[in-house]
Amino acid sequence: MMDGTPFLRILTKHREVLVEHVKNTQCVLDNLKSNGFICNEDIEIIQRSATKTDQVRKILELVQSKGEEACAYFIHILHEAYDAYIDLRPWFDTIQYKPADSIRDLPVINTDPISKYSEKLRSELGRDTRFLTSYSQREETLLDELYTDTQMELFNDKGESLGYLESLDDILGEQGVFNEEAETIFITGDAGVGKSILLQKLQNLWSKRELNTRAKFFFKFRCRMFSAFKETDEISVKDLIFKHNCYPDGDPDNEVFRYILRFPETVLFTFDGYDEIQMDFDMDNVPEVVSPEEKTHPLLVLMNLLCGKLLRGSRKVLTARTGTEVQSRVIRKKVVLRGFSPDHLKRYMALHFPKQEHKEVVSVQLDANPHLCGLCSIPLFSWIIFKSFKHLQSMYDNYELPDFCITLTNVFLLLSEVFLGHITKRSGLLKRSTRSTAETFKAGLKTLIAFAKLALLGLEKSNFIYSQEDLTSCGLSEEDLQVGFLRPVSHYDACGGAATFEFLHLTLQAFLTAFSLVLDSDISPDGILKFFAKCEYNKSSHLSCFSCLGRSSCARDTDPFQTNEHFQFTNLFLCGLLSKTNAALLEHLVPPRTLKKKHVSLKSYLSTSVKTHLRGLPRYPSTDIKGNKVHVMPNFLWTLRCIFETHSEDVARLTAKGISADYIKLAYCNIYSADCSALNFVLHHHKKSLGVDLDNNNISDYGVKQLVPSFSKMTVVRFCVNQLTDSSIEVLSRELIRHKIVRVLGLYKNHITDVGAKMVAQIIEECPHLMTLKLGSNHITSVGAKFLGQAIQKSKSIFDVGMWGNSIGDEGAEAFAEALKNHPKLTNLSLSLNGISSRGGRSLARALKENSSLHIFWLIQNQISDDAASDLGEALRSNSALTHLLLIDNQLTARGAKHLFEGLASNTTIKEIILKGNPVSEEEQKQFESEKRLCFH
């Protein structure tokens, strides 16, 4: 208590604060009565008051009349009944509350139904989210022991990156909000990147009061549950949150729901896996639902919640796989999960391998295999690899991770070996000294066939939830459920229905579906190709059946929620299983003749489809180098992945031969580091030099290392916005200097420091054909700028340099000024947003007097003031090359503008000087109206 102030005086001083914020009187009255401070007659008198505020005033008067101890206990009730009086938390900080010794041990029971319901939600969420899903129903791993943050990239409504979030609290915060009216936070990312685990962590933090949110109610849903409803089923919002999530006990007066309707901002929903909704009925012209009591189809309840028609003011977090489009007017903010960074991966590995000797073994193997590191950047695949490694190492002597270029199929074969090992372990077929993958699969073949059959039947119907009858029809027993492929599902049927199951992950279902296509002798060689037809590229976005969610057109005979990534994964795994590298294993499970026929059929299809795809791509002139550019369709990435899984050099050579353009653009294709092995597998067969644009992907240092064999062919190397560090620049420096053919180097918006800048300078000096360099938005200071300036000064080929958004300052500007003097080639230079003041501006201006090559000069968003204006004016008088000078958002006043105005009088070359955003008033601008090249707007 602040300065020992009596509690009675505190109530007097802060009376109006308490009257305003104490909404629940029943909890106060119940506790005061149970501890003997008031009687029934007192309660009756208080409850005669018509309003809550009047009741609070009566309570204050009563406890103050009872003395200091009653006042102390009244405040103690407000402090201990946390959820009932959450709005008073700042007030308790203000008064520096400490309970009086006389009432410290008196109990406080929170009888508020809203608080009790909130506590029940916290308890259930805490229980449900405490453990991570693991290999079998017998094994449990605590979430807190293994959870590791991933990279969370924030985007605006135009699809432009706003940087990365620092913590999970930031997901619910205001950073990155581009639509204040919308209520849905959209989290997207590839399969296995950690969307569900992230939601689980949010839920777990809320259950422990460790999430920075004022939400009193947290309702979690899996979107798959909406596929379990029949077309005729109808529910209301109230049914959704109470019957299908958590029911409020002891609330006969419906106070909880009334509170939710009154304060929807206290409600937080999470809807996981929006892309997994499967419905087969027509949703054209569906009515809006605005009444929380109105019953309609559950899917319409979901849609109207997301759109803000129902419980407007509540917050929603929606997850979906990459490619799921929802209109920005529904989205409040957008977060894209990018998987583990190298530091995240190290932390995650340390959690799996707490013993230093084990950690070192795995770390050495990962460092030696950048492709394996790339796979491990996806949390799901990392989990499979690490857990499989631990399991197999515990069973067999000297087990190591594969030292060859492991594919995604190999990863899931490893997982399946662990699962099926539970069967062979029971039957005693394996000993610790030996490991036979073939024997493990042969021993578990019957079980594997049954799971594969279930996966195929489900995927054909786009069904992800299975009943006990489904399992039995495929030959699966209760004992088989302990193997690990399936897990039980909750919350899909709150009405006492039978248990349901789902595969551990959608990618696992796709893998087993592919296995079924290979194992089933009744499926013809051509029949294994059935899912390729479902993956043809379609420009129209899916998941847009509802007008507010972006519906433009939706055929009446198609599923508006259809997405094909699970089919893509099935095709990818089919290619991996039928590869020559896995033939030795598969020959133990499938007749060799059947296996060969299916292999031939798949290879023939891939060869034909690659030819067709590449032949149909439009070509247009490149602006970076001479020749034609081709921008591949998003489906081409899956084609590359499939070719890599087959490890067929013939198909790879055919694909490389089909790339007849001089420049291939793969920007915005959602390429991950592990995909670079697939890209390299094809590109290293390309006979001619080739420009490659990989801007705006998620390649990272691991991906650059995997592309090393292909750098000998690349004339254009574009890695803008790809999370590269100095480690990547070290690789690029070594390889590009070795081959000396690079013409364009794009490294904008990465994590390059002065160390990397020094290596880029070496590339500039050693590569005689380098014309264009983009290094903007990195972490380069004056130190790196000096290296770059010296290298540019020596280069006779470079003509375009972009340094926008670094921190080179005046010393860096002086280094570039030296490079400008008498440079024979440099035409375009951007030093915008670099903290350059008039000192640096003067140096650059003086350099322009000695330059006859520069045409366009960007100096936007610096601190150049009138002190440099006279030098710039002098430069204009003598420079006859400059055509555009951009000085937007600097500190030039009318006095500085006058120097430029006077300099333009004797310059006939320059076309414009842009001074927008400088402190020159509209009135002052009038004196320069005669010079049209001086632009203020």
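Predicted model: local features only at pLDDT ≥ 70, side-chain atom pairs only at ≥ 80, totals over all residues.
Q: How are two packed helices described, and what angle do helix H26 and helix H28 make?

A: Two packed helices are described by the angle between their axes and the distance between those axes. Here, H26 covers residues 592-615 and H28 covers residues 649-658. They pack at an angle of about 10 degrees, and their axes are 9 Å apart.

Q: What does that angle make H26 and H28 relative to each other?

A: Angles under 35 degrees count as roughly parallel. H26 and H28 are therefore roughly parallel to each other.

Q: Which residues meet where H26 and H28 touch?

A: From H26 come Lys603, Leu606, Ser607, Val610, Lys611 and Leu614. They meet Asp650, Val651, Leu654, Thr655 and Gly658 in H28. By class, this contact has five nonpolar, three polar and three charged residues.

Q: Now strands. How do they pair, and which strand is joined to S6?

A: Strands of a sheet pair through backbone hydrogen bonds, either parallel or antiparallel. In this model, six bridges join S6 to strand S7, residues 267-272, and the two run parallel.

Q: Is strand S6 mostly covered or mostly open?

A: Strand S6, residues 217-222, is mostly covered. Five of its six residues are buried.

Q: What is the strand order in the open sheet of three strands?

A: The order is S10-S12-S11, with antiparallel pairing. S10 (466-467) and S11 (486-489) stand at the edges. Each has a single partner strand, so one side of each is left without a neighbour in the sheet. Two bridges join S10 to S12, residues 500-503. Ser467 has Thr500 in S12 as its bridge partner.

Q: How many disulfides are there?

A: A disulfide needs a pair of cysteine sulfur atoms within 2.5 Å. By this rule the count is zero. Take Cys767: the nearest cysteine sulfur, that of Cys720, is 17 Å away.

Q: Is Cys767 buried or exposed?

A: Buried means under 20% relative accessible area. Cys767 has 1%, so Cys767 is buried. Cys246 also counts as buried, at 2% relative accessibility.

Q: Where does Lys243 lie?

A: Lys243 lies in the loop between helix H12 (237-242) and helix H13 (255-262). At 49% relative accessibility, Lys243 counts as partly exposed.

Q: What distance separates the C-alpha atoms of Lys243 and Ala845?

A: They are separated by 73 Å. Along the chain, Lys243 and Ala845 are 602 residues apart.

Definitions and conventions. Residues numbered from 1 in each chain as written. Heavy atoms only, no water. Axes fitted to C-alpha atoms, helices over the stretch in contact; angles between N-to-C directions. Helix = DSSP H or I, 4+ residues; strand = E, 2+ residues; numbered from the N terminus. Parallel < 35°, antiparallel > 145°, perpendicular 65-115°, else oblique. Contact = heavy atoms within 4.5 Å. Nonpolar A, V, L, I, M, F, W, Y, C, P; charged D, E, K, R; others polar. Buried < 20%, exposed > 50% of the residue type's maximum accessible area, 1.4 Å probe, protein only. Pairing = 2+ DSSP bridges.
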